[in-house]
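Reader: I am new to this structure and would like to learn how to read it step by step. Could you take me through it slowly?

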Amino acid sequence: MASRRMQKTLTPLLFLICIYLLKDKTGAVNIREKCMCIGESNAVLWRRMTNFNVLDAGPHCYKVQIIINMGSTSVCLAPNSKQGKMLQKCWKRINFNEGKKKSCLQTRKVNRRPKKPKTPQP
């Protein structure tokens, strides 16, 4: 009789201990602890870019990171390069709106002066 009573009190207690131990191990938190960009590229072809992310400097990393998705691959772009500065400027211009990112990836046509016709020299 005493063993039955002990079993009734130990079973829920063991159940609660197991839940407590499992809870600590499965509590996944997505915190980056390091810089994601180790090597950086100075330029990437605009037409191959599908998406990009700009990660500001913070406690996890001391520098701004620009991660460019090109199909199934990702490339880190140097934030001090010409392309990096253009993407950061556009990202700030659209007020960090995820829906307007595609406008930053469109290539812009440069208006060039028409060439003067060559005049034959006598």
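**Reading the disulfides and the core**

Author: Let us begin with one cysteine: C35 is partly exposed, with a relative accessible area of 22%, where buried means under 20% relative accessible area, exposed means over 50%, and partly exposed lies in between (1.4 Å probe, protein chains only). This is a predicted model, in which local features need pLDDT of at least 70 and side-chain atom pairs count only at pLDDT 80 or more, while totals for chains, interfaces and linings use all residues. Residues are numbered from 1 along each chain as its sequence is written, and side-chain values use heavy atoms, with hydrogens and water left out.

Reader: What is the mean pLDDT of the protein, and where is confidence lowest and highest?

Author: The pLDDT is the predictor's confidence in each residue, on a scale from 0 to 100. Here the protein has a mean of 77, with 70% of its residues at 70 or more. Confidence is lowest in helix α1 (residues 2–26), where the mean is 62, and highest in strand β3 (residues 73–77), where it is 92; helices (H or I, at least four residues) and strands (E, at least two) are DSSP runs, numbered from the N terminus. Over residues 24–29 the pLDDT falls below 50, and this stretch has zero contacts in the model beyond near neighbours in sequence, a contact being heavy atoms within 4.5 Å.

Reader: How many disulfides does a search of the whole structure find?

Author: A disulfide is a pair of cysteine sulfur atoms within 2.5 Å, and the search of the whole structure finds three. In one of them, C35 and C61 have their sulfur atoms 1.8 Å apart. The torsion about their S-S bond is about 95°, so this disulfide is right-handed. Because C35 lies in the loop between α1 and β1 and C61 in the loop between β1 and β2, the pair ties together parts that are 26 residues apart in sequence.

Reader: Which residues have the most contacts inside the largest nonpolar core?

Author: A nonpolar core is a set of buried Ala, Val, Leu, Ile, Met, Phe, Trp, Tyr and Cys residues joined through side-chain atoms within 4.5 Å. The largest has 14 residues, and those with the most contacts inside it are V44, F52, I66, I68, L77, L87 and C104. At least two residues of this core come from each of β1 (51–55), β2 (65–70), α2 (82–93) and α3 (101–105). Leaving aside neighbours within four places in sequence, L87 is in contact with residues including W46, F52 and C104.
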